[in-house]
Amino acid sequence: MSLASSYDVAIVGAGAAGLAAAIECARAGLATVVFDELPAPGGQIYRAITTTPFADRRVLGPDYWRGETLAREFEHANLAYAPRATVWAVTRSGGGFEIGVSGDGAARLITAWQVILATGALERPFPIPGWTLPGVLTAGAAQILLKTSGLVSEGRVVLAGTGPLLYLVAAQLARVGSKIDCLLDTTPRGRVREASAHAFEFAMSPYFLKGLTILRDARAAARIVRHVERIEALGDGRLERVRYVADGGTEERPADLLLLHQGVVPNINLSNAIGCEHRWDDAQLAFVPVVDQWGASSVPGVTIAGDGAGIAGARAAEARGRLAGLAVAHALGKLDEAARDRAAVSVRAELARNTRGRAFVDALFRPADAFRVPSGDTIVCRCEEVTAQQVLDTVALGCTGPNQMKSFLRCGMGPCQGRLCGLTVTELIARARNVSPAAVGYYRLRFPIKPITLGELASMPQTAESLRAVAPLGKAY
């Protein structure tokens with residue numbers, strides 16, 4: 001990575017929010033660096049927007065191609081961009097921050113006065129019996145393969161879960177010839193009634209017609225089985241069949257690929273480790289950072305933008321990124337308060353338009369309890385192969401929270417650091433204790449938040465202080 005040692009602002013993530021924030025910071029004249037793990041800008045929603053193999057824009061749809069304009073603006077901005085770079089630590093250093101980052105097999109520390117976290121979202125854990133079998137993926141993983149390489153399954157595909165992305169992926173896969181056997185919709189009965197209080201706002205939102213289009217395309221692509229109450233992935237060494245229960249009956253379907261999805265949640269690992277305050281959002285069934293109207297967190301100098309601060313979609317994430325960039329430009333003296341507020345007026349209007357109707361979506365596609373809180377031998381923590389029953393047994397022994405549980409079961413201590421089990425473990429403990437997830441809390445994370453090799457650590461420049469710290473007693477350098 002050819003980077004300076006210090007910047008005014010460091011942005012983590014090059015998705016919709018990160019790109020928009022970077023553009024605003026660069027426009028204000030700030031020395032800006034953007035770190036991202038992917039090889040090209042775009043994040044998850046606009047992944048591979050500059051390199052996608054699809055010339056036919058109908059395959060991925062018009063919402064995906066919105067990212068082309070954003071990426072082009074980003075590429076022409078006066079800033080530093082570090083692709084294939086993993087940020088594994090952000091710590092206070094003087095009046096700013098010291099950022100640990102790895103890339104190209106080496107690690108280094110870079111300082112910045114302000115940090116914007118645009119870490120986006122993760123797919124919610126979907127623990128069912130057999131979800132660790134080869135042949136079982138998330139819908140998002142299938143979409144990544146499609147966007148980056150044009151890869152699709154040649155076998156029989158079953159999609160299962162709830163949420164708009166599930167239907168979108170079904171339509172996208174069908175457009176490129178994937179054979180979709182069926183879509184198992186786990187949305188419980190009564191969800192439409194529960195969401196109806198927010199129906200007017202949704203009908204007036206830009207997502208109403210988009211939703212109808214996605215639903216129409218998905219119906220044309222696959223047979224939809226509604227109100228599915230239980231799902232199992234079955235097979236000897238790999239996925240062979242999917243068993244499900246719907247309307248009181250049990251059925252099995254042969255399958256070569258099972259794609260699971262029940263919504264997305266904020267990726268809070270970095271904000272958690274930094275020490276930002278978080279709260280339990282019962283509408284989105286997830287922990288979210290506490291931020292103000294500009295995205296400022298409880299840690300001075302750390303701003304959080306996009307879906308990492310609460311799920312709202314790509315266009316809302318872009319608006320939040322622009323607001324974060326304006327706020328940082330003001331904090332560093334590049335914009336006065338009046339100029340910041342004037343620039344924010346149109347951005348806030350765009351944000352309001354693109355968050356309208358979100359409550360309807362959250363209520364309609366709220367994942368069923370049975371698929372969030374598993375039981376028996378269903379694996380919860382994939383890294384350490386811990387089952388739901390083991391978690392419950394530990395609660396019976398007096399364990400009250402996920403951090404104490406690490407001493408018993410090592411949940412959350414594997415390479416994913418809780419990304420695939422954190423919410424499940426919290427909700428399991430809460431259910432067993434008959435308290436709210438807020439009362440149970442989440443994993444207390446520590447740096448490094450991503451795996452880092454000894455070789456990367458050894459490549460870091462050595463200071464006189466670090467050499468003295470490990471020198472034999474009495475030996476000077």
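**Figure 1. The parallel pairing of strands S10 and S11.** Cys 182 has Arg 223 of S11 as its bridge partner. Strand S10 (residues 179-185) and S11 are joined in the parallel sense over three bridges. Two strands are taken to pair if DSSP finds at least two bridges between them. Helices (H or I, at least four residues) and strands (E, at least two) are DSSP runs, numbered from the N terminus. The model is predicted: local features need pLDDT of at least 70, side-chain atom pairs count only at pLDDT 80 or more, and totals for chains, interfaces and linings use all residues. Residues are numbered from 1 along each chain as its sequence is written, and side-chain values use heavy atoms, with hydrogens and water left out.

Figure 2. Five strands in the order S8-S15-S9-S10-S11 form an open sheet with parallel pairing. Strand S8 (136-138) and strand S11 (223-225) are the edge strands, each pairing on one side only. On average, neighbouring strands of this sheet are turned by 25° against each other, direction ignored. Helix H3 packs on the sheet and touches S8 and strand S15 (257-262), its direction making about 80° with that of S8. Helix H4 (residues 164-175) lies across strand S9 (156-162), S10, S11 and S15, and runs at about 170° to S10. Contact means heavy atoms within 4.5 Å. Axes are lines fitted to C-alpha atoms, for helices over the stretch in contact, and angles run from 0 to 180 degrees between N-to-C directions.

Figure 3. S12 and S13 run antiparallel and are joined by six bridges. Leu 234 stands opposite Arg 241 in S13. Six residues lie between these two strands in their hairpin, and Gly 237 in the turn has a positive phi of about 90°. Strand S13 (residues 241-246) also pairs with strand S14 (residues 249-254), in the antiparallel sense and over six bridges. In this pairing Val 242 stands opposite Arg 253 in S14, and Ala 246 has Gly 249 of S14 as its bridge partner. The hairpin of S13 and S14 has two residues between the strands, and Asp 247 takes a positive phi near 55° there.

Figure 4. Leu 137, Leu 145 and Leu 151 make a nonpolar surface patch of about 240 Å². Patches are made of residues with over 30% relative accessible area and no salt bridge; like charges are joined within 9 Å, and nonpolar side chains (Val, Leu, Ile, Met, Phe, Trp, Tyr) within 5 Å. Accessible areas come from the Shrake-Rupley method with a 1.4 Å probe, and for residues only the protein chains shown count as cover. Leu 145 belongs to helix H3 (residues 139-149). With 37% relative accessibility, Leu 145 counts as partly exposed. Buried means under 20% relative accessible area, exposed over 50%, and partly exposed in between (1.4 Å probe, protein chains only).

Figure 5. Glu 24 and Arg 27 meet through their side chains in a salt bridge (2.9 Å, N to O). A salt bridge is a side-chain nitrogen of Lys or Arg within 4 Å of a carboxyl oxygen of Asp or Glu. Both residues lie in helix H1 (residues 16-27), three residues apart, about one turn of the helix. Glu 24 is buried, at 10% relative accessibility, whereas Arg 27 is exposed, at 52%.

Figure 6. Arg 226 forms a salt bridge with Asp 185, with 3.6 Å between the closest N and O atoms. Arg 226 lies in the loop between S11 and strand S12 (228-234) and Asp 185 in strand S10, so the pair ties together parts 41 residues apart in sequence. Arg 226 is partly exposed, with a relative accessible area of 33%, and Asp 185 is buried, at 4%. A second salt bridge joins the side chains of Arg 366 and Asp 282 (3.7 Å, N to O). Arg 366 lies in the loop between helix H11 (358-364) and helix H12 (369-372), and Asp 282 in the loop between strand S17 (278-281) and strand S18 (286-289), so this pair ties together parts 84 residues apart in sequence.
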